[in-house]
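Hi,

Here is the structure I promised to pass on. My notes on the salt bridges and the nonpolar core follow below it.

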Amino acid sequence: MRATLSSGRPTLLRRLEFVAYPAAAGAAFTVLSLGVVTWLPALAAMGHALQRWRAEGDSRCFMSTFTAFPRYWRALWRHSLASTAAGIVLAANLVHLLGRPEPWTFMLLAAQVGIAAALVIHHVALAAEAGRSPHGTVRTWSRGALVLGFGSAARGTALLGAVISAALLSLVVPLGPLLLGPSVPVLLALSFADPRRHTP
């Protein structure tokens, strides 16, 4: 009995790591995102912390996100500002179209939802690419994000599904959508981008 418990303990601890460390990185992302336009550099910094955990076993996900943030802020603040403005415009359009009774608004509404979904996929993939290559350029990250997010329909769908399901399924955990909502999709994107995934 005791041997069974002791042999199962490492497995249990390993499973808990897959919740605790992404949650810690998500907590750091949430704090850094309080600056509103800081959310994209914070997402990339979180991606860097999660990549270090995946590749090197560095469990300091919370502090690593804060440590990496200044570098990503310098590189991505313009992109983050433009993306924030685009998000505000999309949200305003959706609210406006939802209040219109005309039948043609459905097509416009579907187009806005499609654009929003594409932006979500792109930014999750961008955070993963930036996290994997912290010394790269925004152009390199963006090019890699396009391949990662849209090079495969199944991969892009999985990333979008991860964003939605992580937010919904984590509702059972206090502050779950804030802690796991951003980190789980980025962790999945890092897994998709891992070169070892494509080697026989």
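A search of the whole structure finds six salt bridges, each being a side-chain nitrogen of Lys or Arg within 4 Å of a carboxyl oxygen of Asp or Glu. Please keep in mind that this is a predicted model, where local features need pLDDT of at least 70, side-chain atom pairs count only at pLDDT 80 or more, and totals for chains, interfaces and linings use all residues. Residues are numbered from 1 along each chain as its sequence is written, and side-chain values use heavy atoms, leaving out hydrogens and water.

One of the bridges pairs Arg 54 with Asp 194, the closest N and O atoms being 3.2 Å apart. This pair links distant parts of the chain, 140 residues apart: Arg 54 is in helix α2 and Asp 194 in the segment after α8 (helices are DSSP runs of H or I, at least four residues, numbered from the N terminus). Asp 194 counts as buried at 10% relative accessibility, while Arg 54 is partly exposed at 26% (buried is under 20% relative accessible area, exposed over 50%, partly exposed in between, with a 1.4 Å probe and protein chains only).

In helix α4, Arg 132 and Glu 129 lie three residues apart, about one turn, and their side chains meet at 3.4 Å, N to O.

As for the largest nonpolar core, it has 33 residues; such a core is a set of buried Ala, Val, Leu, Ile, Met, Phe, Trp, Tyr and Cys residues joined through side-chain atoms within 4.5 Å. Helix α2 gives the most to this core, with eight residues.

Best wishes

Definitions and conventions. Helices (H or I, at least four residues) and strands (E, at least two) are DSSP runs, numbered from the N terminus.
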